[in-house]
Structures are given as C-alpha cells and as structure tokens.
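Have a look at the fold below and try to pick out its separate parts. Then we'll walk through how they meet.

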Amino acid sequence: MTPGFLTQVHHDIREVVRAFAHGEIAPYAAEWNAAHQVPLATIRAMGPLGFLAVAVPEEFGGSGLDALSLCVIVEEIARADAGTSTVIAVQNGLVGAPILRAGTPAQQHNWLPRLACGEVFGAYALTEPDAGSDTAALRTTARADGDGWVINGTKQWITNGGFADLFVVFARTGGPGAKGVSAFLVEKGSGISVSNEIPKMGLHTSSTVELVFEDVVVGNEQMLGAPGQGLALALATLDGGRITIAAQACGIAQAALDLAVEYAGTRMAFGGPIAKFQGVQFPISDIAAKLDAARLLTWQAAVLRDAGQPHGIAGAKAKLFASSVAVEAANVAVQTLGGYGYSAEYPAERYYRDAKITEIYEGTSQIQRIVIARDLFGDSARG
Ligand SMILES: Cc1cc2nc3c(=O)[nH]c(=O)nc-3n(C[C@H](O)[C@H](O)[C@H](O)COP(=O)(O)OP(=O)(O)OC[C@H]3O[C@@H](n4cnc5c(N)ncnc54)[C@H](O)[C@@H]3O)c2cc1C
C-alpha cells in the first residue's frame, strides 16, 4: 500500500531497511527476546545506514531525511522486532530531536554526530514514580549552585537507560507547575545511579530502568534550551515522538497480519485451510483495512511535521488509532493460530505482549484522547 505520500527516496529507504530487518533482526528476534537481550551490535550497525539520526541534518552527521523517512524505518524494524525499534525511536525522536530543536551549536556539534554513528546512545528521562501522565507534577529538582546545577530526584521507566551514555533530564529549577521545569543533558558517569532492568510484560529487547540522581552536578552549559522552557520542550518532543510510536504500532500490526494470513492459508481443519472460513477471514480483513488507515494517519502526521505545520493533534490521532490496531491485530493473530498462538513457538504471543506498550508510553491512549478533546472543545474540555 503506497499512495502518494512516499517519494522514490522513501521507497528506496524502505527497501534498504526492509532488507536489513529481514536479514539481521527477524531471524534472531525470538532468541533475543527470550534472553532479554538488547541487540546492541545490530543497533550500532544501523549507524552507518543512517537509521540512528534520520532527520538530523548531514552537517551534524545525520541522514538529512524527514519524519516520514523515520516512520518508514521504525515501521520496518518494528515489524521484525518491536523492542529493537524502541531503541531507534528513542535515539531519534526523544534524544536527537530535542537537541536539534533546542541545543546550542556546541551541544549539537558535540552530541549529534556521535548519536548518529552509534558511538553514543541516549535516553529521555521525564517520567517519575509519581509523575507520569501528569508531567507537570514532576519533583526532580535542579538547584542553582555556582556556575551550575545540582540535580536530585528519581526517574522511572527510562528506555535505553541501562546502556545510555547521555540522558535528556527534566528537572524543576523554579517554582511549581509547568513553567518551573528546565531540561539538561547529563552524561553517564556523573553520579547517576542506574537500577537493574525493570521486569516487564514485553519489549524484552529494550532496556527499561529507574535512575536516581543524588547531588548530580552539571554545568550551566548542560542546560538544554532556556530556563523554565523544559516542559514545553518535553511536550514538543513527544508531539514528534508519538508519530514514531504510531509507526512502531503499524509495524507490529503488519507483522501480526502477515503471520495470521500465512498461517490461515496453511493450517488444515475440516478438510481445507482455515482461511476458507469467514470466521477466520473477516477479523483478518478488518485488520488489513484498519492497518491501511493507521498508516495513512501516521504518514499524514509525519508530512505535517515535515511541512513545519502543527502536528500535535494529528500525531495524537495517529498514535491513538495505530496503537489500538496493533493490539487488535496481535489479538487476531493469536486467535487465528489457536493453541499455537498461545505458545512461544510462534511470534504471535510476542506481538500480543509488545503491542500493548504502544497504548501506554509517550502518553497513554486516554492522554491522546485528552489532546484531541482539547482541540475539539477548547478550554471547556479542561476540568
Ligand atoms: C516500557 C516503558 C518504557 C517507557 N519509556 C519511557 C522513557 O524512555 N522516558 C520516560 O520519561 N518515560 C517512559 N515511560 C513512561 C510512560 O511514558 C508512562 O508510563 C506513561 O506516560 C503513563 O504514566 P504512568 O505510568 O505514571 O501512569 P499514570 O499517569 O499513573 O496513569 C495511570 C492510568 O490513569 C490514566 N490517567 C491518568 N491521568 C488521566 C486523565 N487526566 N484522564 C484520564 N485518564 C487518566 C492513564 O491513562 C492510565 O490508564 C515508559 C513506560 C514503559 C512502561
């Protein structure tokens, strides 16, 4: 399905990433997931291919492509393995993007080329044990001290945190509320305590940890963007990141659809393939239609972003819809495979566990609905 959104460049990128995912990720995904292993060597190999800094200009070592290209890349990687695509989504959308948006020239020249080639991995540390959806409630503090800041607090569920070299950290530098938050670029080794991996339902090829900051000292030059503008930067970053997660959801849904179609065509029951039964066909047909719609919503949001137009609402709609399609597609795949769908012999159960996260991170589905409702109802949608 390739309507007018994609240029020849996007098609070419898709061929390259599809071949890489088919050869270097898909054959090992089951093994990596069973071992809870982040495939770092494979992820580093994506640096020279340009997948680690897709929309970063070439002058900073990036690929100089666009958000639509990132969607194509993340979808194909997620189709092979969702957890691996999360690493790519964070490196691009939650670390490279805010540095490109708000970084000083020195910060951009220092970090972007190293993020692009895979020398450095990044993590985005916004969520706290008591501040998830309610981001403005975050309590981590950065206290002014001489020429710098001293950071104290705890960040939870931080993707890539187990191996990241660079953390984009949001901390309170002023009073309460949204205006009191600033962003910082904090390096590994500056005193951050990193927890063991947090056991989770799926996404076993991605790292998720808790970070504890105890008197972590950073210089003024490590502030990312203006003082008090941290939360605005965090939310603008998520506006773009959600498009990437929608693409990830499309990739998981495509993998589930492929599996269901293939299995239904070969599994024999009552004298023929189960694909002859409408009870098997129709849920799969529904997924095929919904996946096309999800992908179009995702690409539409990416095209708006690439055109420099507001894309927060479009991204929220894309993530809301695509994530629900991923969950439904994985469920249909498990059902189509029957008992085999429930066993680890086939990847349907992995898709089922991995799909769910797309309804939770970078803003839950309820939060996406709130974003859409505020656009529809204005101030009257605020409680
Ligand atoms: C695997 C994983 C990776 C993650 N990676 C990162 C990361 O790299 N960096 C990072 O900063 N965070 C990360 N997160 C955190 C993630 O973004 C949050 O978990 C998510 O935003 C929800 O926050 P919460 O878990 O605190 O849930 P809560 O905010 O406590 O929400 C609990 C429930 O209440 C609902 N709810 C809350 N407020 C409202 C409301 N106003 N109206 C209706 N319903 C509401 C929510 O939708 C949800 O269903 C990750 C989480 C996971 C699980």
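## Where the ligand sits

In this predicted model, domain 2 (123–228) and domain 3 (232–381) each supply residues to the shell around the ligand, so the ligand lies between them. The shell counts 22 residues, and G132, S133, W157, T159 and T364 are the closest.

## How domain 1 meets domain 3

Besides those two, the protein has a domain 1, covering 8–121. The C-alpha centres of domain 1 and domain 3 are 21 Å apart, and their contact takes 24 residues from domain 1 and 24 residues from domain 3.

On the domain 1 side, the elements giving two or more residues are α2 (29–34), α5 and α6 (82–102). Of these, α6 gives the most, with eleven residues. That side of domain 1 has 14 nonpolar, five polar and five charged residues.

## Two helices crossing

Now zoom in on helix α5 (residues 67–80) and helix α8 (residues 230–266): their axes come within 7 Å and cross at roughly 35°. The crossing is right-handed.

Which residues meet here? From α5 they include L70, V74 and I77, and from α8 they include I243, A247 and I252. The residues of this contact split into eleven nonpolar, five polar and three charged.

Methods:
Residues are numbered from 1 along each chain as its sequence is written. This is a predicted model: local features need pLDDT of at least 70, side-chain atom pairs count only at pLDDT 80 or more; totals for chains, interfaces and linings use all residues. Axes are lines fitted to C-alpha atoms, for helices over the stretch in contact, and angles run from 0 to 180 degrees between N-to-C directions. Helices (H or I, at least four residues) and strands (E, at least two) are DSSP runs, numbered from the N terminus. A crossing is left-handed if the near helix is turned anticlockwise from the far one by less than a right angle, and right-handed if clockwise. Two residues are in contact if their C-beta atoms, placed from the backbone, lie within 7 Å. Ala, Val, Leu, Ile, Met, Phe, Trp, Tyr, Cys and Pro count as nonpolar, Asp, Glu, Lys and Arg as charged, and the others, Gly among them, as polar. A residue is near a molecule or strand if its C-beta atom, placed from the backbone, lies within 6 Å of it. Domain bounds come from an automatic or database domain assignment.
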